[in-house]
Amino acid sequence: LTSGGNNYAIFYKNGDIDYYENDIMKNYSLKNLKNVKLGYDFGLALDNLGDVYTFGNSFYGDEKVNSRLSKINISNIKSMTAGKDFAVFIDNNGSIWGLGANNCGQLGTGDTKDADSPVSLKATDFTANDTAYKVSVGNGHNLFIKKDGTVWAWGENTYGQLGNGSN
């Protein structure tokens, strides 16, 4: 069982996902289902092969996918998470990818342009040799733990979410 801002889902060992939004239930089936994460009104499904699918309503940059699973053009993913209207992924090499809304810079691309296909992180202090270990997101910001144990944050900082002493 997992929940987002306006929805919840139950996923089963056989790969079925029961997705509930606004009192409407939709059922999706995916072989080799590994994990499900929900954003405000969309969902992500990760399979054992590292492929990611989206379902539910659209998030910025993505098409409407109300009645079907839609494969995202990304692979080799080991973990993922969903924000309000964006998603972030870590691949098996420890690289960070983002998709969707970027109005607060939450995709780490150095701009605020929404991404309709996955984009790689371009944070200046996060080099190609750095690898992400864990990720967590908020409404418009991200927190990552690098393999060396340091915590990195970027995106919205209106209320000091980034922990850098400013807002």
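## Partly exposed, and what that says here

A residue counts as partly exposed when its relative accessible area lies between the buried range, under 20%, and the exposed range, over 50%. Leu-143 has a relative accessibility of 31%, so Leu-143 counts as partly exposed. Please keep in mind that this is a predicted model.

## The protein as a whole

Let's step back for a moment. The protein has 15 strands and zero helices. It consists of 167 residues, and 46% of them count as buried.

Its accessible surface comes to about 8600 Å², with 45% of that belonging to carbon and sulfur atoms. Among the contacts with a separation of 6 or more, 36% are between residues 24 or more positions apart.

## Around Leu-143

Where does Leu-143 sit? Its place is in strand S14, which covers residues 141–146.

## Around Thr-158

Now for a second residue to look up in the structure. Thr-158 is found in the segment after strand S15, the strand of residues 151–155. Is Thr-158 buried, partly exposed or exposed? Thr-158 counts as partly exposed, because its relative accessibility is 42%.

Which side chain does Thr-158 join through a polar contact? The partner is the side chain of Glu-156, and the contact is 3.2 Å. Thr-158 can also be placed relative to Gly-140: these two residues are 18 residues apart along the chain, and 9.8 Å separates their C-alpha atoms.

Notes: Residues numbered from 1 in each chain as written. Predicted model: local features only at pLDDT ≥ 70, side-chain atom pairs only at ≥ 80, totals over all residues. Heavy atoms only, no water. Helix = DSSP H or I, 4+ residues; strand = E, 2+ residues; numbered from the N terminus. Buried < 20%, exposed > 50% of the residue type's maximum accessible area, 1.4 Å probe, protein only. Polar contact = N/O pair within 3.5 Å; in protein donor to acceptor, adjacent residues only side chain to side chain. Contact = heavy atoms within 4.5 Å. Areas by Shrake-Rupley, 256 points an atom, 1.4 Å probe, with all protein chains shown as cover.
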